[in-house]
Structures are given as structure tokens and as C-alpha cells.
Amino acid sequence: MSTPFAIHPLKIKTGQKFFQTQNCLYSNQIEQLPPQQMGADRCAFVAAGEQRLPAVYCRDQLMAVRFLPRRWSEAFQAQSISAATLADFICADLLELRRRKQRLTPAAGEAFRWVHGDADGLPGIVVDDYSSIVVLQSGSPLGDFLLEFIVAALLKATDKPIFERSSGQIRALEKLPERTRWIREPQRDSAANIPDSVQTEIAGLRMSFRPLRCQKTGLFLDQKENLELFKSMAARLEAKSMLDLCSYVGAWSCAGAAAGMSEFTLVDQDKDALATAGKNINANTPSQQVPAVTALHGDLFEILAKLNKEKQSFSAVVADPPAFTKSAKHVAEAKRAYQRLTKLASKLVGAGGIYVACSCSRHIGEEDFYEIVSAALDSDDWCYLGRGRQSPDHTVLAADKQSLYLKVLFFER
């Protein structure tokens with residue numbers, strides 16, 4: 001990693017406004033770099049505008065320029081930068097981010113989001129710390145371009161095992177190959193076997209997941225505060241049963257178990273995740289109770305239709321689906337999907353019960369989501385209890401509303 005990397009000056013087109021609070025420039029705002037200045041990945045380090053602000057550039061993306069931390073500016077006044085310098089910069093940033101994120105984490109040893117992409121100055125990169133291991137994810141060509149420097153910095157910033165899980169829908173949309181690997185292996189429990197499951201804590205709940213079979217980086221840490229809120233609501237309302245839609249490994253059900261619930265119906269398309277969810281529910285159930293867990297594997301809407309036909313009723317229903325849209329052009333159909341989900345799911349909530357509606361579709365705003373859900377509730381006997389938020393370790397830039405993607409609404413019948 002001793003080869004220096006060129007820093008190319010990048011011009012902003014005449015007449016284009018640029019604000020210091022921006023974290024990106026679009027391809028139509030800049031003078032494109034010629035292909036010969038880039039490698040096969042068509043990415044490069046650039047010094048943008050007259051101020052030569054540090055950034056990375058990708059010729060193939062609409063958001064063509066993503067800014068790096070402004071404190072790197074002095075180094076980007078030069079014509080090149082070494083890999084070692086980049087790794088040192090990133091390592092220093094990682095140590096400061098960890099210090100800041102741990103202050104936002106309620107309990108020592110709880111899992112937390114260490115790096116949250118552009119909002120933390122490292123575009124395309126996510127790093128989650130699960131106490132026993134660190135999981136890294138790259139979701140874009142720019143993330144892959146930065147990856148060797150991120151890895152070198154992580155190896156210096158932590159002595160924990162490091163696993164990369166760069167996979168899923170975002171990489172598919174970017175036409176990037178999936179990549180899952182141990183960067184630093186954990187201690188083996190025998191000469192040949194690496195531990196299959198990771199145990200951690202989130203919102204006071206004992207949770208496990210399988211790195212080789214998980215979604216995203218393992219758990220959805222952005223829901224930490226909402227799990228706490230649901231747990232307290234369920235306990236106060238003495239809820240006994242719940243329907244957990246798109247349950248994955250059962251975090252919402254675990255919160256229900258910790259609140260005293262005893263009956264759980266989980267719906268997901270991942271059989272392996274449903275099996276893990278059952279174990280997680282047992283781990284969070286008071287020792288004197290034996291939870292009743294029903295796992296339903298299959299299509300969400302087909303199962304909801306069947307449960308409605310059977311006139312099932314639950315003390316709480318949580319709908320936490322994957323994003324129904326990844327782009328602005330599909331917002332209309334995403335709204336219809338949220339409406340359909342709400343109409344079917346809310347019918348299954350008994351009197352005095354709770355309905356929790358979640359959306360991680362960043363192209364649907366918070367007020368729009370409230371209007372979609374409230375208008376689609378199955379009757380007029382609902383009270384709005386309040387809303388949740390993404391946990392503060394998922395950094396939200398004040399000048400970038402797109403950073404605020406998670407919406408969680410609580411209703412009572």
C-alpha cells in the first residue's frame with residue numbers, strides 16, 4: 001500500500017451553486033474527468049472546486065462526487081496522496097467516531113453503528129460494532145474504491161474480529177458482486193471451526209445472528225430506541241400476544257417477551273432468520289415463562305389475508321418491512337404497498353392493542369408516511385401515540401434531510 005494515488009483537480013460548472021453544507025455533487029454540476037485519469041473502477045480522488053475540497057469521484061454515478069472530511073483539506077492541496085496517509089486519516093476518524101458513538105450508546109457493551117456512510121465522512125461504507133465482532137459493509141463503487149484504506153484503518157483501530165458483508169439489494173442495483181469474508185477471523189473453537197453465531201445486546205435485549213446468513217450487517221441497530229419504547233408501551237398496556245411482520249431475527253418480539261408477552265406469531269421469507277428468532281425470543285423470556293412461538297414462512301400479503309380470513313386478533317402488531325422503494329420514481333407504488341399493508345395488518349389488532357408502522361424508504365418523508373398510514377387504518381377508533389426515530393448513532397446531518405430515513409409510528413386502538 002505504498003503507491004501514491006493521484007489527486008485530480010475537479011471543476012464545478014460555471015453558474016452551479018455550491019454550498020458548504022453539501023455532501024455531494026451531481027454529475028451535471030461538474031466537469032467530468034477523462035477516463036484515462038481513472039482506473040478500471042472509474043473512480044478517483046479529487047480536489048473539488050476552487051477550494052480543492054477533499055472528495056472521491058465516480059464517473060458512473062449520478063451522485064458523482066462525495067465529499068470526504070474537510071479536515072483532510074490540507075493533504076488534498078497536493079497532487080497525490082499515499083495509501084498510508086489515507087489509512088492514518090481514516091484510523092484517526094474511526095477512533096474519534098467510536099468515542100462519540102459510544103457516548104450515544106446507553107449501556108457499555110451494547111451494539112452500535114460505528115460508521116454511517118456519508119454522514120460520518122466515509123461514503124458508501126457502514127461499520128457496526130457488535131461488541132464481540134465488527135461488521136463492515138460497502139454499498140457502492142465509491143465504497144469499494146475506499147475499501148482497502150478502510151480495512152487497513154480498521155485493523156489498526158480495533159483488535160476485534162472483522163467480517164465484511166457487502167451484499168444485498170443495494171449492491172445488486174449498483175451491479176456490484178456480493179462479497180462476504182473474514183478480514184480478521186475470530187478465535188476458532190476447534191482447529192477447523194469458526195463460531196457460526198454472534199451474540200450481542202441491543203436495547204437491553206440479548207440477540208444473536210449468523211454473519212454468513214444475515215441481512216445487512218446482522219441486526220437493524222437503527223431501531224434501538226424504538227424497541228425500548230415498544231417494550232415500555234407493551235408492559236404498561238399488559239399486552240399478551242403479538243404479530244411480528246417481516247420479523248427477521250425477532251428483535252420486536254424479543255422486546256415484547258421482555259415486556260411480559262407470551263404468544264408470538266412471526267412472519268418472514270427467511271427460514272433461517274425465523275429459526276434464529278425463536279431462539280432469541282426464548283433468550284429474552286423471563287425464566288418462569290415458556291413462550292408460544294408460531295413461525296410463518298412465506299409471502300407477507302398472502303399470510304395477512306389468511307390471518308384476516310381466520311379472524312385472528314393480537315395485542316400488538318408490528319409491521320417493519322424492507323424499503324418498498326429504492327428510488328424516487330417508484331414512490332407511488334410504494335405508497336400503495338404501505339396502504340395495503342396497513343389496511344390488512346391493523347385489522348388484526350384487538351381492542352386496546354398497539355399497531356406499530358415502520359418505513360425505511362428514504363424517498364417517503366415523515367409527514368407523508370403519517371398520512372399514508374393514518375388514512376389506511378381499518379376504522380376510525382385509533383389514537384396516535386407518537387413516533388420513534390432512528391437511533392442517534394445513525395448520524396443525521398442537519399443540512400441533509402435524506403439522512404433521516406427511518407419512520408416509526410405508534411397507534412392504539
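**Figure 1. Salt bridges in the predicted model.** The count comes to 23 salt bridges, each defined as a side-chain nitrogen of Lys or Arg within 4 Å of a carboxyl oxygen of Asp or Glu. One of them pairs Asp129 with Lys160, with 2.8 Å between the closest N and O atoms. This pair links distant parts of the chain, 31 residues apart: Asp129 sits in strand β8 (residues 125–129), Lys160 in the loop between α2 and β10 (162–166). Helices (H or I, at least four residues) and strands (E, at least two) are DSSP runs, numbered from the N terminus. Because the model is predicted, local features need pLDDT of at least 70 and side-chain atom pairs count only at pLDDT 80 or more, while totals for chains, interfaces and linings use all residues. Residues are numbered from 1 along each chain as its sequence is written, and side-chain values use heavy atoms, with hydrogens and water left out.

**Figure 2. The five-stranded open sheet.** The strand order is β7-β8-β9-β10-β11, with mixed pairing; two strands pair if DSSP finds at least two bridges between them. β7 (112–116) and β11 (179–184) are the edge strands, each pairing on one side only. From one strand to the next, the twist averages 20 degrees. Strand β9 (residues 134–138) runs parallel to β10, joined by three bridges. Val134 has Ile162 as its bridge partner in β10.

Figure 3. β1 (residues 4–10) and β3 (residues 43–48) run parallel and share four bridges. Ala48 in β3 is the bridge partner of Leu10. Axes are lines fitted to C-alpha atoms, for helices over the stretch in contact; angles run from 0 to 180 degrees between N-to-C directions.

**Figure 4. The second largest pocket.** Its volume is about 340 Å³, the space filled by probe spheres set on grid points joined across faces, edges and corners. A pocket is an open set of points on a 1 Å grid over the protein atoms alone, where a 1.4 Å probe fits, with protein on both sides within 12 Å along at least five of seven lines; lining residues have an atom within 4 Å of a point. The lining has 19 residues, with Pro69, Asp118, Ala119, Gly121 and Leu397 nearest the centre. α1 gives the most, three residues.
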